[in-house]
Amino acid sequence: MKTCLVVDDSGVVRKIARRILEEMGFQITEAEDGAKALEACKGAMPDGVLLDWNMPVMDGFEFLGHLRRLPGGAAPKVVFCTTENDMDHISRALHAGANEYIMKPFDKDIVAAKFQEVGLIELTEPIPV
Amino acid sequence: MTPPDYEYLRKLLKDHSGLDLSADKQYLIESRLLPLSRKSGLAGISELVQKMKAGSPSLVAQVVEAMTTNETFFFRDKVPFDHFRDSIMPEMIKARAARKSIRIWCAAGSTGQEPYSLAMSLKEMSASLAGWRVEIIATDLSQEVLEKSKAGIYSQFEVQRGLPIQLLVKYFKQNGELWQISPEIRAMVQHRQLNLLHDFSQLGTFDVIFCRNVLIYFDQDTKINIFGRLAKTMEADGFLVLGAAETVVGLTDVFKPFPEKRGLYRPSGVRAAPAMPKMAAMAGR
């Protein structure tokens, strides 16, 4: 089962994202800021990260920079999910190593589409072993 | 999904909606019904089928809805656009090397996502197309929808489904909450109002025709008629791309399918059968 770390300072958003992603078959861990997210990744690299931008202690952009410099830090697919919906933020995120970008508000179709783009979910059922 | 599961769903969809899925459309069922299964707390398609067989009208309705919705979005169903980039265009570049010109028709252009997806794909392969003239003609019955397509302005929701973020950054400009596709991309598409039921021979000959999810609205005779006329507007080595749930098989043999490439067809060279007078057709049954 693929793992996804949901990083957002809003408990409500984390809950909604968890529900959507669990339905898509992910095992979810949560972090309320970039620092806690980094600790979680140092413990175990998730397959995917759904990442908010504006958070206290350490924001999503700073977290991403640290993540990509960790051993194994190039592996997780990072999808930003933020109210910052301007071209400038999107470009900066992509340059810093984000794989995709969701502009809030989001729904399950958008999450599914973006997670398909980065290869975290397939369109077809896996072949049973 | 087991073959009996697939058969059950095929028959159910045909009975409920007229949607005719051929034997190789498992990927379409999976892409549309796996999310529905999970949302209903079921492990997969087999469980979904079991639940439907046990009697669940609401689930049946949701399945029919999921399979027949025809909202359009960028790079819809993905596979046809992969075919365009990986099979159709490389072959056309070879086949038209002397002419250096390719004509593409989006026969149900709607609000523009399909023709603009093709335009973006072409721009992404522009190195191989230096010095070429590639025309995209987008037609639709509705003038209103054509105006929207010409403007090329989309909402935040519309640009987030199917469109990779790199293409959004490259080809769109933000205007408040809305996103407009670049003037360069817009200039690649010509828009015309057209009713497929009427003569469209004045559009000329095409190398590639995308005719996705519009023929499902027509009855069998009309479909056969339109396929016949599409074959006449197409170059002998051209490509026809249909919607994921559509097929020509069983309707007409003026097109033949590519066995390895779902949704892709090519003129067979067979002439369309002349329309049978109604009396004779009925007597033949």
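Residues are numbered from 1 along each chain as its sequence is written, while chains are lettered from A and ligands numbered from 1 in the order in which they are written. Because the model is predicted, local features need pLDDT of at least 70 and side-chain atom pairs count only at pLDDT 80 or more, whereas totals for chains, interfaces and linings use all residues.

**Exercise 1. The side of chain B that touches chain A**

Task: State how many residues of chain B are in contact with chain A, and which helix of chain B gives the most to that side.

Solution. 
- Step 1. Apply the contact rule: two residues are in contact if their C-beta atoms, placed from the backbone, lie within 7 Å.
- Step 2. Under this rule, 17 residues of chain B touch 21 residues of chain A.
- Step 3. Look up the elements, where helices (H or I, at least four residues) and strands (E, at least two) are DSSP runs numbered from the N terminus. In chain B, α2 (26-39) and α8 (165-171) each supply at least two residues of this side.
- Step 4. The most comes from α2(B), with 7 residues.
- Step 5. Sort the chain B residues by class: Ala, Val, Leu, Ile, Met, Phe, Trp, Tyr, Cys and Pro count as nonpolar, Asp, Glu, Lys and Arg as charged, and the others, Gly among them, as polar. The side of chain B that touches chain A then has 7 nonpolar, 6 polar and 4 charged residues.

**Exercise 2. How α2(B) packs on α3(B)**

Task: Describe the arrangement of α2(B) and α3(B), and list the residues that make the contact.

Solution. 
- Step 1. The axes of α2(B) and α3 (residues 45-53) are 9 Å apart, at an angle of about 70 degrees.
- Step 2. Classify the angle: under 35 degrees is roughly parallel, over 145 roughly antiparallel, 65 to 115 roughly perpendicular, and the rest oblique. The two helices, α2(B) and α3(B), are therefore roughly perpendicular.
- Step 3. From α2(B) come B:Ile29, B:Glu30, B:Leu33, B:Leu34 and B:Ser37, and from α3(B) come B:Ile45, B:Glu47 and B:Leu48.
- Step 4. By class, this contact holds 5 nonpolar, 1 polar and 2 charged residues.

**Exercise 3. The sheet of chain A**

Task: Give the strand order of the sheet in chain A, and say which strands stand at the edges.

Solution. 
- Step 1. Two strands pair if DSSP finds at least two bridges between them.
- Step 2. The open sheet of 5 strands has the order β2-β1-β3-β4-β5 in chain A, with parallel pairing.
- Step 3. At the edges stand β2 (27-31) and β5 (100-103) of chain A; each has a single partner strand, so one side of each lacks a neighbour in the sheet.
- Step 4. From one strand to the next, the twist averages 20 degrees.
- Step 5. As one pair, β1 (residues 3-7) and β3 (residues 48-51) of chain A are parallel over 4 bridges, and A:Val7 has A:Leu51 as its bridge partner.
- Step 6. Helix α1 (residues 11-23) of chain A lies across β1, β2 and β3, running at about 165 degrees to β2(A).

**Exercise 4. Burial in chain B**

Task: Is B:Val64 buried, exposed or partly exposed, and how many residues of α6(B) are buried?

Solution. 
- Step 1. A residue is buried if 20 or more other C-beta atoms, placed from the backbone, lie within 10 Å of its own, exposed if 12 or fewer, and partly exposed in between.
- Step 2. B:Val64 sits in α4 (residues 57-68) of chain B. It has 16 other C-beta atoms within 10 Å, so B:Val64 is partly exposed.
- Step 3. In α6(B), 9 of the 12 residues are buried, so this helix is largely enclosed by the rest of the structure. Among them are B:Tyr116, B:Leu118 and B:Met120.
- Step 4. In strand β7 (residues 206-211) of chain B, 6 of 6 residues are buried.

Notes:
Axes are lines fitted to C-alpha atoms, for helices over the stretch in contact, and angles run from 0 to 180 degrees between N-to-C directions.
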